[in-house]
Amino acid sequence: MNDPTTIRRLYGRRQGHKLRTGQAALVEELLPQLEVPETGSIDATLLFGDDRPLEFEIGFGSGEHLAGQAEARPDHGFIGCEPFINGVVGALTHVRDRDLTNVRIHMGDALEVLERFPDASLSRVYLLHPDPWPKARHAKRRMMNHGPMDLIAAKLKPGCEFRLGTDDPTYCRWSMMVMDQRRDFEWQAGGAQDFLTRPDDWPQTRYERKARRKGHEVWYFRYVRV
Ligand SMILES: C[S@@+](CC[C@H](N)C(=O)[O-])C[C@H]1O[C@@H](n2cnc3c(N)ncnc32)[C@H](O)[C@@H]1O
C-alpha cells in the first residue's frame, strides 16, 4: 500500500512564470474569497452555506474542466486543488469571467484537503492527466496508487463516480492494474468507445488538448464507487 503522504511531501505552493499585475490582483482579491479554510473539517455547508452535492478535482491545471463542470451544474459545489499559482490564476480567471459562485479553491495538495471531508460526502472526484512519473522507480509517486485511491474511495458516496483521464500509455496500463485490484470500484465501460471517446459532460482540459495536438490517444475512465 502506498501512503498518500509520499505524494503530499512533493507539493508546496509553486510558481512558474511571474504574474502580471491583473493576475496578481486576482490572487490578492478573488482567491481569499474562494479559498478552502486551511485547517479543520470541511463540508458543503461550511463552503457554500447549504448541503448541495460536492465535486472535487485533483490538480485542475488551468481550471477549464473545473469551470466547465461548475457552469454546467450551478446547484453543485466544486472544489479544485492545484499547487501551481499560474494554474490557480487560470481558474480564478474562469470564475470571474463566467460569474461562477459555486467554486472553491485550494492552492496546494489535494489529498490534504480531501482527508478533511466526511466519509461518503463527495458526489464526484476528478483526476485528469495526473503527472505520469514515467520512471519505474518513481511509481510510488503516482496519484494512481492504493494510498490515494483508499482516500478517494472513503470520501466518495456509494454509487458516485471517480473519473480519470490520461494520454500516457504507461500510466494508463498502471492505472488499470491498480483499479483491477480493487473491489470498491466498478469500471463503467461496456466497450472500447466508452473509454476512447470523451463523454459529452467531460470538458476538455488544456493538457488533453495539447496531447491531442501531438497525435496522442487519450483514455477516459469512469469508475463507480460500489
Ligand atoms: C499534467 S498536469 C494536468 C493538469 C490538468 N488536469 C489538465 O488536464 O490540463 C498535472 C497537474 O496536477 C497537479 N498536481 C500534482 N500533484 C498534485 C497534488 N498532490 N495535489 C493537487 N494537484 C497536484 C500539478 O501541479 C499539475 O498541474
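Glu82 is buried, because its relative accessible area is 8%. Buried means under 20% relative accessible area, exposed means over 50%, and partly exposed lies in between (1.4 Å probe, protein chains only). Glu82 sits in the loop between β2 (77-81) and α5. Helices (H or I, at least four residues) and strands (E, at least two) are DSSP runs, numbered from the N terminus.

The model is predicted: local features need pLDDT of at least 70, side-chain atom pairs count only at pLDDT 80 or more, and totals for chains, interfaces and linings use all residues. Residues are numbered from 1 along each chain as its sequence is written, and side-chain values use heavy atoms, with hydrogens and water left out.

What does Glu82 touch, not counting residues up to four places away in sequence? The list is Gly59, Phe60, Gly61, Gly87, Val88, His106, Met107 and Gly108. Contact means heavy atoms within 4.5 Å. A polar atom of the Glu82 side chain also lies 3.0 Å from the backbone nitrogen of Phe84. A polar contact is a pair of N or O atoms within 3.5 Å; within protein, one must be able to donate a hydrogen and the other to accept it, and residues adjacent in sequence count only if both atoms are side-chain atoms.

## The largest pocket

Glu82 is among the residues nearest the centre of the largest pocket, along with Gly59, Phe60, Gly61 and Phe84. In total, 38 residues line this pocket. Its volume is about 870 Å³. A pocket is found on a 1 Å grid over the protein atoms alone: it is an open set of points where a 1.4 Å probe fits, with protein on both sides within 12 Å along at least five of seven lines, and lining residues have an atom within 4 Å of a point.

Which elements each supply at least two lining residues? They are β1 (54-58), α5 (85-97), β4 (122-128) and α10 (206-213). The largest share, 4 residues, comes from α5. By class, the lining has 15 nonpolar, 12 polar and 11 charged residues.

## Ser62, Glu64 and helix α4

Ser62 lies in the loop between β1 and α4. Ser62 counts as buried because its relative accessible area is 15%. Beyond four places in sequence, Ser62 touches Gly87, Gly90, Ala91, His94 and Arg206.

Glu64 belongs to helix α4 (residues 64-72). Its relative accessibility is 14%, so Glu64 is buried too. Leaving aside neighbours within four places, Glu64 contacts His94, Arg98, Pro203, Gln204, Thr205 and Arg206. The Glu64 side chain reaches the backbone nitrogen of Arg206 at 3.4 Å.

Pro203 is in the loop between α9 (193-196) and α10. Pro203 and His65 are 138 residues apart in sequence, yet their C-alpha atoms are 5.1 Å apart. Glu64 and Gly191 are 127 residues apart along the chain, and their C-alpha atoms are separated by 28 Å.

## Two nonpolar cores

In soluble globular proteins, nonpolar side chains tend to be buried together. Here the largest nonpolar core has 37 residues. Phe56, Phe117, Ile152, Phe162 and Phe185 have the most contacts inside it. Apart from this core lies another, of 27 residues, among them Ala67, Ala91, Leu128 and Tyr220. A nonpolar core is a set of buried Ala, Val, Leu, Ile, Met, Phe, Trp, Tyr and Cys residues joined through side-chain atoms within 4.5 Å.

Key:
Points joined across faces, edges and corners; volume = space filled by probe spheres on them. Nonpolar A, V, L, I, M, F, W, Y, C, P; charged D, E, K, R; others polar.
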